[in-house]
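Please look over the model shown here before reading on.

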Amino acid sequence: MIAPDADALMLRHLDGATSAAEDAIIAGQLRDDVAARRRFAELTMALVAVRDAVRGAAGQPARGRRQPLRMRWLLAAAAAAAVAVTAAWWWRPEQRPTDGLLADGRVVGRGSLVAATATPVGLDLGGYCRVTLDPGATARLDGAPGAEAITLEQGSVTCDIVAGVGAFTVRSAFGEVRVKGTRFTVSLVPSPEDPMSRRLVVNVLIGAVVLSGVGGDRLVQAGESASSRAATVGTFNPTLPAAGTAIVTRENCDQTVVSVEVPAISVGGPSSHDPQFTSAAFWPQLTGKEYFLKSTWPKGKLLTWAKPGVSAGGRNQPDPLDPANWLLDGKPCTELVFDEDTDVLLPASQTVYVVNFRDLKQIPRQVHRHITVESGANFRGGGDGIGRQIHGNLWVKRGGALSAQGASQWVGNRHTFVRNDNQALLKPWALNWDPTNHDMPKSVSRFMFSQYFAFSKANQASTEFFGQIITLDEFQVTNCPVIVAANSMLLPGRNAEPWVRGGGTIALMDGAFFGAWSNNFGRCDLDVTGNLQAGMPDRPIARSATVNVAFKNSTDAKYTGKESREITRRASLTLNAGSSLRSFTSDAKKARLLIGMSPPDRPTRTITGADGLVTPLVLKPEEITKFDDWFDTLPRGITVYLAKDVAVDGVEFDGLWEGGGLLVQDPNQQSAWRNVFFGSHLKKGAPLTTRIDRIKKEASW
Amino acid sequence: MTHAADLSAADALATERAIRLTMARRLEVMALATAILRDAGLAEEVFQEVLLVVVRRAADLPGDDGFAPWVREIARRQALHAARLRQRAPPCLDPATIADLMPVLAEAAEDWRQDRHEALRTCLAGLGKRARALVEARYREDLTGDDLAQRLGLTLSSAYSLLSRAHRALEDCIRRRLIREVR
C-alpha cells in the first residue's frame, strides 16, 4: 500500500519540484519496489489524463506561465513546419482545400484527418459548425457545403451548430448524430458489456439531436444523454492478429496461417456501392495498392429491401418480386429490374430475415451490380442451373448471410472486392460436413456464399476477397486475377476440381490461404494452366501465403469395390504447360508461396458424404466402410505435377509424398527453378521427385 | 517541402495509419515522457516529435502488434534527447528503472479507455470547490508548485498533499462510476 504522502511526493517529483535527496528516494523506490512502480505509473497516467480533461473541458489550450508550446503542423510525411497549430491533418491528392474548412484557423481540405495531439483543436466547418476536438481525438472531415459532417474515429468532440444554416452530422461506425442547431458532445466509449465493442454516447447541452442506430432514430433533447446500442455494433479490432487467434493450421509445417477478423460494420455506414475506402475505420486492412481502389462506377440505381425483418420467397411468405417490397433510390418502387446497373441493399434488422429467390416457382434473372447484405439479412439466390451474375462489389456485413445455388459468376471489366465481415471462426479441417446433421449448415452459412464461383472478367479485371469465404463445390478462374487479400481465406471444396485457365491467376497476399476444405479423392485439388502465385508484381508480399492440397492415391492401389469405378493415381496439384508457380516477394528467404498438405486425418468421407466424396461413385453403407478401410491404407503425402516449362520461383514445398511427391517430366527441369525451398517435415533421404511424362499422368501415372 | 497534395493515395493511407496508431498510444507516450522529463509541457513536445518520427517512417512501420514496443522505444529516446537539448540535469531514473517502468506504464495506459476519460470528466465536475480550483490552477493554468503554494498560502509540501487528495478523490469517483456502469 502506498501512503497518500508518497503520492504527494511522487506528484511533486513529476512536477520537478523535489530536492535531490527526495529524487534519490523516489528513484530507489522505483528501482526496487514493484508496487511503487505501479503506483507511479498510475499517478503519471492520471496526471496526463486530468491535464487533458481540464483543458478539453475548457475547450481551449492552457494559459499561464509557459510560453506557447512549439507545436507542429504536420504537412507531409517528409516535412514539418514549426507553427502554432496543435493538430496534425492530412488530405489526399483529390481532396484539395476548397470548401472553407478551418482547423485552428488554417485551411484544410475535405477528407482531411484531424488529430488533436496535445491540446484541443477547433474546427470551423462551413461557417456554421464549430467543433472542438478534445486532446487525443481524431476525426475526418466529411460532408458537403451546407451539409457538413465529421467521422469521429477516436475520443470526444464538442459541437456548436448555428441553427437555420445547414445540416451537421457526426458519424461513427457505431451510429450517427444529426442536428440543425445545438450544442452537444459526442464520444466513442467501450461497451460495459463487451470491452471490445464500443458505443456512441451523446450529451446534448442545447437544442436536440437525432441519434441513429440499428434500433432506428431517437430524439435526444437538451439535458439528456443517450448512447447507441452496443449489442448491435459487434466488435471492432483492426489490430489483429493477436496471439491465439490462429484459425488455420498448416499440417506438416511449422508455419501457422492466421486469419484476421475484418472490422464489423453491421449497420449503415459504408456499403458495396459506397465503400468509403478513405476511412481507415472501415477499411483498416487496405494497403492502398488494391486494384479495386482505382475502379470508378457510373451512378447506378439502388434497390433497397423495404421491409427489413420481414422474410419473403418462402412458403406463405410475401413475394420478393413484388415491387412494393422494394425501394428504388429511396422511393417506392413500381417496376423491379435486376441488372448490371442496379445495386441491391438488404438493410440491417434485429429480426433475422431471408429474401429468397431460390425457392420461387419462377426464378428471376439475377444480375446485379453491387450487393450489400447487412446484419440480420440473408440474401438467398441462384437456382438449379441458374446461379447469379455479379458485376460489382459484394459486401456481407457481420451478421449477414448470402448464398446461391449454382454458379456465382463474377463478370464485367472492373476491379471489384468481395468482403465477408462475419467473425472468423472456421477451422476448415475440422469442418465436418455431415448431410444428416442439419445444424451443420448453420455453422458455415455465413461463409458459404455460393455453390460455385466462376470468374470471367475482361481486361484482366481482378476480384479481391477479404475475410473467410467458402464455396460448396467448384472454383473456376477463366481469364482474370482472383486475389485472396492479406490474412484472408478462400476455400472451394466437396464435389470440385478447381481450375485456373491460361490468363487466369490465383494470387495470395500476405498470410492468405487457399485450399479445398474437403478431400475429393477422385479429383485434383487445383488444376492450373494459368498462374498460381503469392503477391502481384506491384504488390510483393512480406509474409508467406499458403496453398494446401490434400493427399491422393500415390500408389498403384486401385479401389475395386462393387459399385465403383477405379480410383486411380491422381496429383494433388497440377501445374500444366505454360503455367507458373511463383512468388512476387520482397525476399524469398522470408516470404514465399508455401505448398503444403491438408491434415491427412480429417474425416474425408464424412466431409462430403459418400456421394460427394468420389462422385460418381454411389456407395451403399457397407461399401462406405470398405472404402474407408482401403483409403486408410494409402500413404500420406501430396503430389505436385509440374510440366516441363512451368516457371517456378519463390516456392516452398512441404508434406510431399515420400515416394517422390514432385512429379516432373524431366529431372533436369529443376535447374530452371529459382528460390525453391523444402519444408522441415520432409523425411530425410526420401526422394523429392518422380519422373513421369504427360501421357503417363493422364493415363493414371 | 513536399506538399500534401503530392502524396500518393498509398502514402496518404500509410500516413493516416501512422497517425492513428500513434494517437492510440498518445497517453502512454505522454506518461513515459512525463516520467522521464518531469515536465508535462515538454512531454507534449516529445509526443509531437514522436508523431513526426512515426509519420516520416509511415511507409515502413512495424506491423500492428510490433508497433507498440517500437513507438515506446522512440518515445524513450525522444524524451532523453529532449532532456539533453534542454541541458537539464540527467533524468533521475536510471536506464534500467526506465526499462522496468515502461511495461508498467503500458499496462496502466490500457486502463485508460474512453469510458474512464468520460468518468473523469464527470468526476472533475463533481469535485469540491477548493479541490477543483486547485486542479484548475495546476493543470489548466499550469502554475508551478511554488506558485500554487503561494496562491493557497501553504507550504509546497502541503499544496501537493492537497493535490494528491484531489487525485485520490477523482480515482475513487471514477472507480465508483465505472463499477456502477458495469452493473
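The points below are grouped by topic. This is a predicted model, and chain A averages a pLDDT of 75, with 71% of the residues scoring at least 70.

**Confidence in chain A**
- Over residues 57-98 of chain A, pLDDT stays under 50, and the model has 120 contacts beyond four places in sequence for this stretch.
- Residues 192-197 of chain A also have a pLDDT that stays under 50, with 14 contacts beyond four places in sequence.
- Where pLDDT is low, the predicted coordinates should not be read in detail.

**Helix packing in chain B**
- Helix H4 (residues 64-85) of chain B packs with helix H5 (residues 95-111) of chain B at an angle of about 130°, and their axes are 12 Å apart.
- Because of that angle, H4(B) is oblique to H5(B).
- The crossing of H4(B) and H5(B) is right-handed.
- H4(B) makes the contact through B:Ala68, B:Arg72 and B:Arg76, and H5(B) through B:Ile98, B:Met102 and B:Ala106.
- By class, this contact of H4(B) with H5(B) consists of 4 nonpolar and 2 charged residues, with no polar ones.

**Sheet in chain A**
- An open sheet of 3 strands in chain A has the order S25-S28-S31, with parallel pairing.
- Strand S25 (353-356) and strand S31 (401-405) of chain A are the edge strands, each pairing on one side only.
- From one strand to the next, the twist averages 15°.
- S25(A) and strand S28 (residues 377-382) of chain A run parallel and are joined by 4 bridges.
- A:Asn356 has A:Arg380 as its bridge partner in S28(A).

Definitions and conventions. Residues numbered from 1 in each chain as written. Chains lettered and ligands numbered in written order. Predicted model: local features only at pLDDT ≥ 70, side-chain atom pairs only at ≥ 80, totals over all residues. pLDDT = per-residue confidence, 0-100. Contact = placed C-beta atoms within 7 Å. Axes fitted to C-alpha atoms, helices over the stretch in contact; angles between N-to-C directions. Helix = DSSP H or I, 4+ residues; strand = E, 2+ residues; numbered from the N terminus. Parallel < 35°, antiparallel > 145°, perpendicular 65-115°, else oblique. Left-handed = near helix turned anticlockwise from the far one by under 90°. Nonpolar A, V, L, I, M, F, W, Y, C, P; charged D, E, K, R; others polar. Pairing = 2+ DSSP bridges.
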